[in-house]
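Here is a short report for a first look at this structure. Start with the view below, then read on.

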Amino acid sequence: MMKTYVIYCIAAGVVAWLFSFSVTPLVRAFAYKIGAIDVPKDARRMHKEATPLLGGLAIWFGFTVTSVLLCGLSASSIVMWIGATLIVLTGVVDDRFGLKALLKFALQIAIALGTVLLGDIMITEITFFDTTLVFGRVWGTVISVLWIVALINAINLIDGLDGLACGVSGIGALSILVISIIYSNNYMALFACVLVGACAGFLPYNLHKAKIFMGDTGAMFLGYILSIMSIQGIMSMNSLLAFITPIAVFGLPLLDTAFAFIRRILHGRSPFSADRGHLHHRLIDMGFTHMQTVCIMYIISAVLGVAAIVLSLRNLDESLELFSNTRLMFAACGILVVAVCLFTFAFFVFHHFNIRVDSGLQKEEEPPDSEHKTP
(Lines give C-alpha, C1' and ligand atoms only; values in the text may rest on other atoms or scores of the structure.)
Protein backbone atom coordinates (compact mmCIF):
# COMPACT_ATOMS: atom_id res chain seq x y z
CA MET A 1 0.00 0.00 0.00
CA MET A 2 2.72 2.47 0.97
CA LYS A 3 4.76 1.53 -2.11
CA THR A 4 1.75 2.28 -4.31
CA TYR A 5 1.21 5.64 -2.64
CA VAL A 6 4.87 6.60 -3.04
CA ILE A 7 4.61 5.83 -6.77
CA TYR A 8 1.46 7.96 -6.93
CA CYS A 9 3.28 10.86 -5.19
CA ILE A 10 6.20 10.62 -7.61
CA ALA A 11 3.81 10.56 -10.56
CA ALA A 12 2.04 13.67 -9.21
CA GLY A 13 5.39 15.42 -8.84
CA VAL A 14 6.29 14.57 -12.44
CA VAL A 15 2.95 15.93 -13.67
CA ALA A 16 3.54 19.18 -11.75
CA TRP A 17 7.04 19.37 -13.25
CA LEU A 18 5.65 18.98 -16.77
CA PHE A 19 3.02 21.67 -16.23
CA SER A 20 5.48 24.14 -14.71
CA PHE A 21 8.22 23.46 -17.26
CA SER A 22 5.83 23.71 -20.23
CA VAL A 23 4.06 26.89 -19.10
CA THR A 24 7.17 28.92 -18.19
CA PRO A 25 7.97 30.04 -21.79
CA LEU A 26 4.36 31.23 -22.16
CA VAL A 27 4.61 33.14 -18.88
CA ARG A 28 7.88 34.67 -20.06
CA ALA A 29 6.22 35.92 -23.25
CA PHE A 30 3.28 37.26 -21.22
CA ALA A 31 5.63 39.17 -18.92
CA TYR A 32 7.27 40.86 -21.92
CA LYS A 33 3.84 41.65 -23.36
CA ILE A 34 2.53 43.47 -20.27
CA GLY A 35 5.89 45.06 -19.41
CA ALA A 36 6.63 43.15 -16.19
CA ILE A 37 10.37 43.53 -16.66
CA ASP A 38 13.07 44.02 -14.04
CA VAL A 39 15.64 46.52 -15.29
CA PRO A 40 18.84 46.58 -13.16
CA LYS A 41 19.22 50.08 -11.77
CA ASP A 42 21.35 49.72 -8.65
CA ALA A 43 24.24 47.71 -7.21
CA ARG A 44 21.92 45.58 -5.07
CA ARG A 45 20.73 43.74 -8.15
CA MET A 46 22.96 40.92 -9.29
CA HIS A 47 21.86 40.81 -12.94
CA LYS A 48 22.99 43.17 -15.68
CA GLU A 49 20.27 42.71 -18.30
CA ALA A 50 16.55 43.43 -18.27
CA THR A 51 14.78 40.21 -17.31
CA PRO A 52 11.05 39.35 -17.28
CA LEU A 53 9.29 38.71 -13.99
CA LEU A 54 6.08 36.75 -13.18
CA GLY A 55 7.79 33.34 -13.29
CA GLY A 56 5.86 32.45 -10.16
CA LEU A 57 2.77 32.10 -12.35
CA ALA A 58 4.29 28.93 -13.83
CA ILE A 59 4.98 27.47 -10.37
CA TRP A 60 1.46 28.40 -9.22
CA PHE A 61 -0.09 26.87 -12.35
CA GLY A 62 1.88 23.62 -12.06
CA PHE A 63 1.08 23.25 -8.36
CA THR A 64 -2.58 24.29 -8.51
CA VAL A 65 -3.67 22.31 -11.56
CA THR A 66 -1.87 19.16 -10.44
CA SER A 67 -3.10 19.33 -6.85
CA VAL A 68 -6.70 20.02 -7.93
CA LEU A 69 -6.62 17.05 -10.30
CA LEU A 70 -4.71 14.54 -8.16
CA CYS A 71 -4.86 15.55 -4.49
CA GLY A 72 -8.60 15.56 -3.95
CA LEU A 73 -10.87 18.23 -2.52
CA SER A 74 -11.33 19.30 1.08
CA ALA A 75 -12.49 22.49 2.76
CA SER A 76 -8.96 23.42 3.84
CA SER A 77 -7.44 22.69 0.42
CA ILE A 78 -10.05 24.83 -1.35
CA VAL A 79 -9.31 27.73 0.99
CA MET A 80 -5.59 27.18 0.43
CA TRP A 81 -6.00 27.32 -3.37
CA ILE A 82 -8.09 30.50 -3.13
CA GLY A 83 -5.55 32.12 -0.80
CA ALA A 84 -2.69 31.08 -3.08
CA THR A 85 -4.45 32.64 -6.06
CA LEU A 86 -5.03 35.89 -4.18
CA ILE A 87 -1.39 36.07 -3.06
CA VAL A 88 -0.30 35.40 -6.65
CA LEU A 89 -2.54 38.20 -7.95
CA THR A 90 -0.99 40.52 -5.35
CA GLY A 91 2.44 39.51 -6.62
CA VAL A 92 1.49 40.08 -10.26
CA VAL A 93 0.32 43.63 -9.49
CA ASP A 94 3.49 44.29 -7.50
CA ASP A 95 5.76 42.91 -10.24
CA ARG A 96 4.05 45.01 -12.89
CA PHE A 97 3.22 48.26 -11.11
CA GLY A 98 4.99 48.10 -7.74
CA LEU A 99 3.06 48.19 -4.48
CA LYS A 100 3.92 50.19 -1.40
CA ALA A 101 5.58 47.96 1.19
CA LEU A 102 2.93 48.65 3.86
CA LEU A 103 0.04 47.99 1.43
CA LYS A 104 1.60 44.71 0.36
CA PHE A 105 2.14 43.77 4.00
CA ALA A 106 -1.51 44.57 4.80
CA LEU A 107 -2.70 42.40 1.90
CA GLN A 108 -0.53 39.54 3.14
CA ILE A 109 -2.07 39.80 6.61
CA ALA A 110 -5.60 39.91 5.17
CA ILE A 111 -5.04 36.82 3.01
CA ALA A 112 -3.37 34.95 5.87
CA LEU A 113 -6.21 35.86 8.24
CA GLY A 114 -8.83 34.71 5.75
CA THR A 115 -6.97 31.44 5.25
CA VAL A 116 -6.76 30.74 8.98
CA LEU A 117 -10.38 31.60 9.76
CA LEU A 118 -12.13 30.14 6.70
CA GLY A 119 -9.95 27.06 6.29
CA ASP A 120 -9.49 26.39 10.01
CA ILE A 121 -5.77 26.13 9.28
CA MET A 122 -4.50 26.98 12.70
CA ILE A 123 -1.91 26.20 15.37
CA THR A 124 -4.08 25.33 18.36
CA GLU A 125 -1.80 23.79 20.98
CA ILE A 126 1.70 22.66 21.81
CA THR A 127 2.88 19.96 24.20
CA PHE A 128 5.93 20.61 26.40
CA PHE A 129 6.85 17.11 27.54
CA ASP A 130 3.87 16.25 29.80
CA THR A 131 2.24 19.68 29.73
CA THR A 132 -0.10 20.80 26.95
CA LEU A 133 -0.46 24.52 26.27
CA VAL A 134 -3.76 25.27 24.52
CA PHE A 135 -3.75 28.58 22.66
CA GLY A 136 -7.45 28.86 21.98
CA ARG A 137 -8.93 30.28 18.81
CA VAL A 138 -7.84 33.89 19.29
CA TRP A 139 -4.17 33.28 20.09
CA GLY A 140 -4.08 30.35 17.68
CA THR A 141 -5.25 32.70 14.93
CA VAL A 142 -2.67 35.36 15.83
CA ILE A 143 0.24 32.88 15.94
CA SER A 144 -0.83 31.21 12.69
CA VAL A 145 -1.18 34.53 10.83
CA LEU A 146 2.23 35.67 12.09
CA TRP A 147 3.81 32.43 10.89
CA ILE A 148 2.24 32.66 7.43
CA VAL A 149 3.22 36.31 6.94
CA ALA A 150 6.72 35.70 8.32
CA LEU A 151 7.42 32.88 5.87
CA ILE A 152 5.94 34.82 2.93
CA ASN A 153 8.37 37.66 3.58
CA ALA A 154 11.29 35.36 4.40
CA ILE A 155 11.10 33.66 0.99
CA ASN A 156 10.48 37.02 -0.65
CA LEU A 157 13.57 38.65 0.85
CA ILE A 158 15.90 35.74 0.14
CA ASP A 159 15.06 35.85 -3.57
CA GLY A 160 18.15 37.78 -4.55
CA LEU A 161 20.12 35.43 -6.83
CA ASP A 162 19.19 33.28 -9.81
CA GLY A 163 17.57 30.06 -8.62
CA LEU A 164 18.08 30.82 -4.92
CA ALA A 165 14.55 31.16 -3.53
CA CYS A 166 13.12 28.50 -5.85
CA GLY A 167 15.81 25.99 -4.87
CA VAL A 168 15.62 26.76 -1.15
CA SER A 169 11.82 26.44 -1.28
CA GLY A 170 12.14 23.12 -3.10
CA ILE A 171 14.51 21.84 -0.42
CA GLY A 172 12.05 22.98 2.27
CA ALA A 173 9.18 21.21 0.50
CA LEU A 174 11.31 18.07 0.20
CA SER A 175 11.96 18.18 3.95
CA ILE A 176 8.22 18.49 4.62
CA LEU A 177 7.65 15.55 2.26
CA VAL A 178 10.01 13.29 4.21
CA ILE A 179 8.62 14.37 7.59
CA SER A 180 5.05 13.82 6.36
CA ILE A 181 5.96 10.30 5.25
CA ILE A 182 7.59 9.60 8.62
CA TYR A 183 4.37 10.61 10.38
CA SER A 184 2.15 8.84 7.82
CA ASN A 185 0.56 12.13 6.74
CA ASN A 186 0.04 10.91 3.18
CA TYR A 187 -2.24 13.77 2.18
CA MET A 188 0.34 16.46 3.01
CA ALA A 189 3.14 14.34 1.54
CA LEU A 190 1.29 14.40 -1.78
CA PHE A 191 0.98 18.20 -1.72
CA ALA A 192 4.67 18.53 -0.83
CA CYS A 193 5.68 16.25 -3.71
CA VAL A 194 3.59 18.32 -6.11
CA LEU A 195 5.29 21.52 -4.91
CA VAL A 196 8.74 19.97 -5.32
CA GLY A 197 7.82 19.06 -8.91
CA ALA A 198 6.49 22.55 -9.66
CA CYS A 199 9.69 24.17 -8.34
CA ALA A 200 11.86 21.72 -10.29
CA GLY A 201 9.98 22.52 -13.50
CA PHE A 202 10.66 26.24 -13.18
CA LEU A 203 14.24 26.00 -11.91
CA PRO A 204 15.97 25.31 -15.29
CA TYR A 205 14.73 28.68 -16.55
CA ASN A 206 15.71 30.45 -13.32
CA LEU A 207 19.28 29.23 -12.81
CA HIS A 208 22.16 31.56 -13.66
CA LYS A 209 21.88 33.27 -16.11
CA ALA A 210 18.16 33.34 -15.59
CA LYS A 211 15.78 33.65 -18.52
CA ILE A 212 12.99 34.69 -16.17
CA PHE A 213 12.61 35.67 -12.50
CA MET A 214 9.75 34.40 -10.40
CA GLY A 215 9.34 37.87 -8.86
CA ASP A 216 7.10 38.64 -5.91
CA THR A 217 4.50 36.48 -7.65
CA GLY A 218 6.51 33.33 -7.06
CA ALA A 219 8.28 34.23 -3.82
CA MET A 220 5.08 35.13 -1.97
CA PHE A 221 3.26 32.11 -3.40
CA LEU A 222 5.99 29.73 -2.24
CA GLY A 223 6.16 31.32 1.21
CA TYR A 224 2.38 31.08 1.54
CA ILE A 225 2.11 27.43 0.44
CA LEU A 226 5.08 26.31 2.54
CA SER A 227 3.64 27.99 5.63
CA ILE A 228 0.29 26.22 5.13
CA MET A 229 2.04 22.90 4.60
CA SER A 230 4.12 23.33 7.73
CA ILE A 231 1.01 24.09 9.82
CA GLN A 232 -0.97 21.14 8.50
CA GLY A 233 1.89 18.73 8.04
CA ILE A 234 4.31 19.40 10.91
CA MET A 235 2.79 21.70 13.51
CA SER A 236 -0.34 19.54 13.64
CA MET A 237 1.74 17.04 15.65
CA ASN A 238 1.27 19.42 18.64
CA SER A 239 4.60 18.51 20.25
CA LEU A 240 7.46 20.83 21.14
CA LEU A 241 9.44 19.45 18.22
CA ALA A 242 6.51 20.33 15.98
CA PHE A 243 7.43 24.00 16.52
CA ILE A 244 11.20 23.54 16.37
CA THR A 245 11.14 21.42 13.20
CA PRO A 246 9.62 23.96 10.74
CA ILE A 247 11.90 26.67 12.13
CA ALA A 248 14.84 24.39 11.30
CA VAL A 249 13.42 23.60 7.83
CA PHE A 250 13.14 27.30 6.96
CA GLY A 251 16.00 28.47 9.16
CA LEU A 252 17.97 30.11 6.33
CA PRO A 253 15.29 32.49 4.98
CA LEU A 254 13.90 33.19 8.46
CA LEU A 255 17.30 34.09 9.88
CA ASP A 256 18.24 36.15 6.87
CA THR A 257 15.01 38.11 7.24
CA ALA A 258 15.46 38.54 11.01
CA PHE A 259 19.02 39.84 10.59
CA ALA A 260 17.87 42.17 7.79
CA PHE A 261 15.15 43.69 9.95
CA ILE A 262 17.47 44.06 12.97
CA ARG A 263 20.22 45.56 10.82
CA ARG A 264 17.91 48.16 9.29
CA ILE A 265 16.31 49.12 12.61
CA LEU A 266 19.74 49.55 14.24
CA HIS A 267 20.69 51.89 11.41
CA GLY A 268 17.54 53.92 11.95
CA ARG A 269 15.85 52.76 8.76
CA SER A 270 12.54 51.13 8.00
CA PRO A 271 12.71 47.33 8.28
CA PHE A 272 11.03 47.22 4.85
CA SER A 273 13.67 49.40 3.15
CA ALA A 274 16.12 47.84 0.71
CA ASP A 275 19.79 47.21 1.37
CA ARG A 276 22.66 45.12 0.17
CA GLY A 277 23.34 43.24 3.39
CA HIS A 278 21.69 39.86 2.87
CA LEU A 279 23.79 36.73 3.26
CA HIS A 280 23.99 36.13 -0.49
CA HIS A 281 25.31 39.69 -0.95
CA ARG A 282 27.97 39.04 1.71
CA LEU A 283 29.09 35.85 0.02
CA ILE A 284 29.33 37.59 -3.36
CA ASP A 285 31.36 40.38 -1.74
CA MET A 286 33.73 37.79 -0.25
CA GLY A 287 34.64 36.69 -3.77
CA PHE A 288 32.35 33.72 -4.35
CA THR A 289 30.80 33.43 -7.81
CA HIS A 290 27.09 33.57 -8.40
CA MET A 291 26.71 29.79 -8.69
CA GLN A 292 29.05 29.12 -5.76
CA THR A 293 26.98 31.40 -3.55
CA VAL A 294 23.74 29.69 -4.57
CA CYS A 295 25.28 26.26 -3.93
CA ILE A 296 26.45 27.34 -0.46
CA MET A 297 22.93 28.51 0.35
CA TYR A 298 21.51 25.24 -0.97
CA ILE A 299 23.89 23.27 1.25
CA ILE A 300 22.97 25.29 4.35
CA SER A 301 19.27 24.75 3.59
CA ALA A 302 19.81 21.04 3.03
CA VAL A 303 21.72 20.64 6.30
CA LEU A 304 18.95 22.46 8.15
CA GLY A 305 16.40 20.26 6.40
CA VAL A 306 18.23 17.11 7.46
CA ALA A 307 18.41 18.45 11.02
CA ALA A 308 14.65 19.01 10.93
CA ILE A 309 14.07 15.45 9.72
CA VAL A 310 16.30 14.09 12.47
CA LEU A 311 14.41 16.14 15.04
CA SER A 312 11.14 14.68 13.83
CA LEU A 313 12.19 11.04 14.06
CA ARG A 314 10.15 8.83 16.33
CA ASN A 315 9.72 5.12 17.01
CA LEU A 316 13.44 4.60 16.59
CA ASP A 317 15.13 1.26 17.06
CA GLU A 318 14.83 0.46 20.75
CA SER A 319 17.48 -2.23 20.48
CA LEU A 320 20.22 0.37 20.74
CA GLU A 321 20.96 -0.34 24.41
CA LEU A 322 23.94 1.97 24.52
CA PHE A 323 21.61 4.94 24.81
CA SER A 324 18.72 5.11 27.25
CA ASN A 325 16.80 7.46 24.99
CA THR A 326 17.71 7.22 21.34
CA ARG A 327 15.33 9.93 20.30
CA LEU A 328 16.99 12.43 22.61
CA MET A 329 20.34 11.48 21.14
CA PHE A 330 19.14 12.18 17.62
CA ALA A 331 17.43 15.37 18.72
CA ALA A 332 20.66 16.54 20.35
CA CYS A 333 22.58 15.82 17.14
CA GLY A 334 19.99 17.76 15.14
CA ILE A 335 20.13 20.73 17.48
CA LEU A 336 23.93 20.66 17.28
CA VAL A 337 23.79 20.78 13.49
CA VAL A 338 21.36 23.68 13.62
CA ALA A 339 23.58 25.51 16.12
CA VAL A 340 26.62 25.10 13.86
CA CYS A 341 24.65 26.47 10.92
CA LEU A 342 23.44 29.44 12.94
CA PHE A 343 26.99 30.18 14.08
CA THR A 344 28.25 30.01 10.49
CA PHE A 345 25.44 32.30 9.38
CA ALA A 346 26.16 34.86 12.08
CA PHE A 347 29.90 34.68 11.31
CA PHE A 348 29.35 35.53 7.66
CA VAL A 349 26.94 38.33 8.45
CA PHE A 350 28.81 40.12 11.24
CA HIS A 351 32.48 39.22 10.88
CA HIS A 352 32.50 40.27 7.23
CA PHE A 353 30.12 43.18 7.70
CA ASN A 354 32.62 45.75 6.44
CA ILE A 355 34.83 43.51 4.32
CA ARG A 356 34.35 43.73 0.58
CA VAL A 357 36.21 41.70 -2.01
CA ASP A 358 36.15 43.21 -5.48
CA SER A 359 33.26 41.59 -7.31
CA GLY A 360 32.77 44.16 -10.03
CA LEU A 361 29.93 45.89 -8.20
CA GLN A 362 29.84 49.24 -6.47
CA LYS A 363 28.45 49.40 -2.94
CA GLU A 364 25.23 51.32 -2.67
CA GLU A 365 25.00 53.67 0.27
CA GLU A 366 21.27 54.37 0.58
CA PRO A 367 18.97 52.57 -1.85
CA PRO A 368 16.00 54.83 -2.45
CA ASP A 369 13.42 52.22 -3.33
CA SER A 370 11.56 49.67 -1.23
CA GLU A 371 12.72 46.09 -0.97
CA HIS A 372 12.03 44.44 -4.32
CA LYS A 373 13.97 41.25 -4.54
CA THR A 374 15.42 40.49 -7.90
CA PRO A 375 18.56 38.54 -8.75
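Contact here means heavy atoms within 4.5 Å. Keep in mind that this is a predicted model.

**The core.** The largest nonpolar core holds 86 residues. Phe63, Leu195, Phe221, Tyr224, Ile225 and Met229 touch the most other members. Helix α7 (residues 186-206) gives this core its largest share, 13 residues. Leucine 195 is in contact with Phe63, Ala173, Phe221, Leu222, Ile225, Leu226 and Met229, leaving aside neighbours within four places in sequence.

**Helix α8.** This helix covers residues 215-233. At 1.5 Å a residue, its 19 residues should span 27 Å. The end C-alpha atoms are 27 Å apart, so the two values agree. Of the 19 residues, 18 are buried, so α8 is largely enclosed by the rest of the structure.

**Methionine 80.** Helix α3 (residues 75-97) contains methionine 80. Is this residue buried or exposed? Its relative accessibility is 3%, so methionine 80 counts as buried. Not counting residues up to four places away in sequence, methionine 80 touches Phe63, Phe191, Tyr224, Ile225 and Ile228.

**Confidence.** The protein chain averages a pLDDT of 78, and 74% of the residues score at least 70.

| Helix | Mean pLDDT |
|---|---|
| α13 (residues 326-351), lowest | pLDDT 51 |
| α2 (residues 56-70), highest | pLDDT 95 |

Over residues 315-326 the pLDDT stays under 50, and the model has six contacts beyond four places in sequence for them. Residues 347-375 also have a pLDDT below 50, with 82 contacts in the model beyond near neighbours in sequence.

Terms used: Residues are numbered from 1 along each chain as its sequence is written. This is a predicted model: local features need pLDDT of at least 70, side-chain atom pairs count only at pLDDT 80 or more; totals for chains, interfaces and linings use all residues. Side-chain values use heavy atoms; hydrogens and water are left out. Helices (H or I, at least four residues) and strands (E, at least two) are DSSP runs, numbered from the N terminus. The expected span of a helix is 1.5 Å times one less than its number of residues. Buried means under 20% relative accessible area, exposed over 50%, partly exposed in between (1.4 Å probe, protein chains only). A nonpolar core is a set of buried Ala, Val, Leu, Ile, Met, Phe, Trp, Tyr and Cys residues joined through side-chain atoms within 4.5 Å. pLDDT is the predictor's confidence in each residue, from 0 to 100.
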